[in-house]
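Here are a few notes to read alongside the structure. Have a look at the model before going through them.

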Amino acid sequence: MEYGGSSVYDHNDFYEQYMARRHREESPNKVIEYPALMSLLGDVTDQTILDLGCGDASLGEALLSKQCKEYVGVDGSQNMVKQAELKLQGTKGSVVHTSLETYSYPAGAFDRVVSQLVLHYIEDLESIVKNVYETLKPGGKFVFSVLHPVMTASFKSMTGKRTDWIVDDYFDTGKRIEPWIGEQVVKYHRTIEDYFLIFQGAGFAIQGLKEGTPQRENFQEEEEFKRRQRIPLFLIISCIK
């Protein structure tokens, strides 16, 4: 069975295994993607922030601790929304249970929009990006991360703990089926050029780009640090309206 969008996270066995992997001490999300994303996001003091595909709102918790004015998370998974509501209880944060495709995107409402490792699940990315542009205030910033295109191009290496990576069919963009945590998960491969053109076409000015260069101080083990230097896992881009 193929799972599209956020639906796989409501498969309880998958959800539990994913959460254990996502929150482990040296998860690439923690030691590579998060520091790069936050460096592009910058100071969030007194900012209103929309988080697309917020998951369990771990990012929201961090942003609220950094004194953002208001945080709104959006996620299509019921399991994720339940966890997010628990994290945000008693804070200036809230969560909306809906898909990115059906969220209302109120005009001119947010200073920042952020999205962590979600947009590669979206088939019609152009529509989402246009909605983000409209929901940002003038001068607002959109910062997002996706799986690096060298990762989504081919999943031929997805067997066991990889020691080498196959990059193939890079310019053959579109739907991919990834065997992930025992399920078949639908993702969409785009080139770096594709991402630039989509965001520029919506009116954004590209401000910054990172590929999640590993930093030694974020790793406990030298072996893991060296392994993560071999190939980029993430692409992180910031755009200005």
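1. A quick heads-up before anything else: this is a predicted model.

2. Start with the pair β5 and β6. Strand β5 covers residues 110-116 and β6 covers residues 136-147; the two run parallel and are joined by 6 bridges. If you want a place to look, find F110, which stands opposite L136 in β6.

3. Now zoom out to the sheet. That pair belongs to an open sheet of 7 strands with mixed pairing, in the order β4-β3-β2-β5-β6-β10-β9. At the edges sit β4 (93-97) and β9 (205-210), each pairing on one side only. On average, neighbouring strands here are turned by 15° against each other, direction ignored.

4. Next, helix α4. Its residues are 78-88, and the helix lies across β3 (70-75) and β4, running at about 165° to β4.

5. Helix α4 also packs with α1 (residues 12-22): the angle is about 45° and the axes are 10 Å apart. Because of that angle, α1 counts as oblique to α4. On the α1 side the contact uses N12, Y15, Y18 and M19, while α4 brings N79, M80 and Q83. Sorted by class, this contact has 4 nonpolar residues, 3 polar ones and no charged ones.

6. Last stop: T191, in the loop between β8 (183-189) and α7 (192-201). Is T191 buried or exposed? T191 is buried, because its relative accessible area is 5%, under the 20% cut-off. Leaving aside neighbours within four places in sequence, T191 is in contact with P149, Y170, F171 and T173.

Conventions
Residues numbered from 1 in each chain as written. Predicted model: local features only at pLDDT ≥ 70, side-chain atom pairs only at ≥ 80, totals over all residues. Heavy atoms only, no water. Pairing = 2+ DSSP bridges. Helix = DSSP H or I, 4+ residues; strand = E, 2+ residues; numbered from the N terminus. Axes fitted to C-alpha atoms, helices over the stretch in contact; angles between N-to-C directions. Contact = heavy atoms within 4.5 Å. Buried < 20%, exposed > 50% of the residue type's maximum accessible area, 1.4 Å probe, protein only. Parallel < 35°, antiparallel > 145°, perpendicular 65-115°, else oblique. Nonpolar A, V, L, I, M, F, W, Y, C, P; charged D, E, K, R; others polar.
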